[in-house]
Amino acid sequence: MLPIEALKSRTTILTHAGCADGAAAAMLAAAALPHCEVRAFLYDDPKYLNLPATPGILAVDITPPAGRAAEFVAVGTVVLDHHRRSLVEPYGDLGVFGENASGESGAWLAYREVFLRLHGHSHDYDRIAALSAIYDTWRTESPEWRNACHLAALLQTAPLAWCLSAPAYYVLQQASDLGAALHAAKEADAAKIAAGAVHRRIGGRNVAIV
């Protein structure tokens, strides 16, 4: 369990750009730490690769550049991620790795390790975390799978600034309306492309060539 004082001393939240789970993780962390600056990066972004290792960083659904882990460990960076255990392990007690098999996505880690401990239970934020975890860990058997897809479609499309400023209940409302429409459009596009695909058996797998 992360030390409370370490959480309260955060000044910057880093998250994975272009990712619904990253957006949800940032929302949850920022709701508990509203004084923090939120910055989103892609892994190949030069600004991410050259990010200064400064005290007060909380990385959610992302880890600092792998080759510079020692710099970030030295300044007490907190990391919550579920992509590769080997990237989280260097952070010791300030690193929490999420098990995909248990549905522990970046957003779920942000909810459990930060939001719950600093803010307490919230039905709406709990639902955002749960749906994000279902989608990002591919729990397609869940009865909430389509709702998870709707939220993901919304968070993948909406600017991060909107995600951070909108109330949780409104995000969920928009997921049911706009998110559902966005997901339906994606499914229609996929069906159209798939209809023209040529199917081949390659290396023991069914492959659709489009």
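Author: In this predicted model, a nonpolar patch on the surface is formed by Val198, Ile202 and Ile209, which together have about 240 Å² of accessible area. One of these residues, valine 198, lies in strand S6, which spans residues 198–202. Valine 198 has a relative accessible area of 38% and is therefore classed as partly exposed, because this class covers values between 20% and 50%.

Glycine 179 belongs to helix H10, which comprises residues 168–195. The relative accessible area of glycine 179 is 0%, so this residue is buried, the cut-off being under 20%. Leaving aside residues up to four places away in sequence, glycine 179 touches His150, Ala153, Leu154 and Gln174. The C-alpha atoms of glycine 179 and histidine 150 are separated by 4.5 Å, although the two residues are 29 apart along the chain.

The packing of two helices may now be considered. Helix H8, residues 145–157, packs with H10 at an angle of about 90°, and their axes are 7 Å apart. H8 and H10 are therefore roughly perpendicular to each other, since angles of 65 to 115 degrees fall in that class. On the H8 side, the contact is made by Arg146, Cys149, His150, Leu151, Ala153, Leu154, Leu155, Gln156 and Thr157. H10 contributes Val171, Gln174, Ala175, Leu178, Gly179, Ala180, Leu182, His183, Lys186 and Glu187.

How values were computed
Residues numbered from 1 in each chain as written. Predicted model: local features only at pLDDT ≥ 70, side-chain atom pairs only at ≥ 80, totals over all residues. Heavy atoms only, no water. Helix = DSSP H or I, 4+ residues; strand = E, 2+ residues; numbered from the N terminus. Buried < 20%, exposed > 50% of the residue type's maximum accessible area, 1.4 Å probe, protein only. Contact = heavy atoms within 4.5 Å. Patch = residues over 30% accessible without salt bridge, like charges linked within 9 Å, V, L, I, M, F, W, Y side chains within 5 Å. Areas by Shrake-Rupley, 256 points an atom, 1.4 Å probe, with all protein chains shown as cover. Salt bridge = Lys/Arg side-chain N within 4 Å of Asp/Glu carboxyl O. Axes fitted to C-alpha atoms, helices over the stretch in contact; angles between N-to-C directions. Parallel < 35°, antiparallel > 145°, perpendicular 65-115°, else oblique.
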